[in-house]
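Visitor: Good morning. Could you help me read this model?

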Amino acid sequence: MTTAEPVTRTSPYQHYVYAYPHKTAYRPLPDRPLLAELWASEPKDALSLYLHIPFCEVRCGFCNLFTRIGAPDGLTGAYLDALERQATAVRDALGEGARFATAAFGGGTPTFLTATELERLCDIAEHRMGADLRAVPLSVEASPATATADRLAVLADRGATRLSLGVQSFVDAEARAAVRPQRRADVEAALGRVREARIPVLNIDLIYGIDGQTEQSWLHSLDAALTWRPEELYLYPLYVRPLTGLGRRHPAPGPRTGGDPAWDERRLTLYRAGRDHLLARGYTQHSMRMFRRADAPPQGADDYACQTDGMIGLGCGARSYTSGLHYSFDYAVDMHQIRGIIDDYVAGDAAGFARAQVGYPMSPAEARRRHLLQSLLQADGLRPDDYRDRFGSAPADDFGPELERFADRGWLSDADPTALRLTPEGLAHSDAVGPELFSPAVRTAMAAYERK
């Protein structure tokens, strides 16, 4: 099997790898295959359902997700109309026997929708797709400004088990530096409303590496979050990506766009301080980013655990995964381009929604790579026996040179012979480990992607 060439860049912050292949490797599918044919022979008894809402009240300076600021009158309703048409077409394509084991609403900001619109979103998931939201884990993303009591009441009533709140910092000056205008008082009020809604799991997102942030202010934000005893915390390093608000402030390579050892070291220092702070306070580490309170109720698979297929994504920013193809709609970061893609989606008909439009074919070699990559980025790592049962070979047979390089850098643990697991320092370098496992084909496609 062909293995990837070493990545020459040594920065620990290369790519946030939450799915493989990266969406910039996707291309228009010339044959636009029918979903019914793609899913005909796939296992469908434990699918994951994801509904994407591409609207936010503001766009943070670091955000390169598929979302637009605000919505003209009628656009959210028209978007939900299209989502319902897509759901009907996808459910027809799945045929009999499709069952959902997990569900999530993301974006964007799903709670940008009104309470009435959130009811309709849940109806689409339940009545059109057949997901029993009260019987499966349901995770929903929210912002402090949109986590209103009426919206949270809808989500709690419809079965939400996890609410993820994007806070990023409890220091107002840092929030402004990240182009996320918010006041701590408003964040605290939103957290109070979430707790009053009694959604079982609260996750708080925080970011380190913001201009002006110090170790003291970083720990201050962590302690402010811990006051609410969140069941989960996600700690994200700041990235400055092209076409984002911060990217426009720093358009040329430099201290905030990569290649700056001092900034890399500062982010590593803040990461280690945050990690140790949480571990000392009863949290367990599940990945570089994800920490869970030891007594928190269990949820579904962690965000990084995407080794298996069976993902159904609805909405123009969502991905779907079969064993042979990952597919979605077009992707952009530029606001003008995003608006055009949303408009095209809203105008879509059932015939168009019954076909895959943009994607990346998954060869057996890429499936092996994906399984290894996304398992290794979990703190629990990979069981070689599980890998062998699925693929008929050992990880070292398929990826020997890469694993040797990780071991030479002290990133692989030898403490447990039954598991392939990153060391604490390896976890700290997850955003370098992941890209080193990208295939040459994926790397070439990503490099050729025309940003828009």
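Guide: Let us begin with a term: a crossing of two helices is left-handed if the near helix is turned anticlockwise from the far one by less than a right angle, and right-handed if clockwise. The model is predicted, with local features needing pLDDT of at least 70 and side-chain atom pairs pLDDT 80 or more, while totals for chains, interfaces and linings use all residues. Residues are numbered from 1 along each chain as its sequence is written, and side-chain values use heavy atoms, leaving out hydrogens and water.

Visitor: So is the crossing of α12 and α14 left-handed or right-handed?

Guide: The crossing of α12 and α14 is right-handed. Such labels denote DSSP runs numbered from the N terminus: helices (H or I, at least four residues) and strands (E, at least two).

Visitor: At what angle do the axes of α12 and α14 cross?

Guide: The axes of α12 and α14 (residues 395-408) cross at roughly 45° and come within 11 Å. That makes α12 oblique to α14. Axes are lines fitted to C-alpha atoms, for helices over the stretch in contact, with angles running from 0 to 180 degrees between N-to-C directions. Under 35 degrees counts as roughly parallel, over 145 as roughly antiparallel, 65 to 115 as roughly perpendicular, and the rest as oblique.

Visitor: Which residues of α12 and α14 meet?

Guide: From α12, Arg-368, Arg-369, Leu-372 and Leu-376 meet Pro-395, Asp-398, Phe-399, Glu-402 and Phe-406 of α14; contact means heavy atoms within 4.5 Å. These residues divide into five nonpolar, no polar and four charged (Ala, Val, Leu, Ile, Met, Phe, Trp, Tyr, Cys and Pro count as nonpolar, Asp, Glu, Lys and Arg as charged, the others, Gly among them, as polar).

Visitor: And how do α12 and α13 cross?

Guide: The axes of α12 (residues 364-376) and α13 (residues 384-391) cross at roughly 160° and come within 12 Å. The two helices are therefore roughly antiparallel to each other, and their crossing is right-handed. Ala-367, Arg-368 and His-371 of α12 make the contact with Tyr-387, Arg-390 and Phe-391 of α13. By class, this contact has three nonpolar, one polar and two charged residues.

Visitor: New topic: which helix gives the most to the lining of the second largest pocket?

Guide: That is α10, with three residues. Helices α10 (335-346) and α11 (350-353) each supply at least two residues of this lining. Among the lining residues are Phe-329, Asp-330, Ile-341 and Gln-357. A pocket is an open set of points on a 1 Å grid over the protein atoms alone, where a 1.4 Å probe fits, with protein on both sides within 12 Å along at least five of seven lines; lining residues have an atom within 4 Å of a point.

Visitor: How does the lining of that second largest pocket divide by class?

Guide: The lining of the second largest pocket has four nonpolar, three polar and three charged residues.
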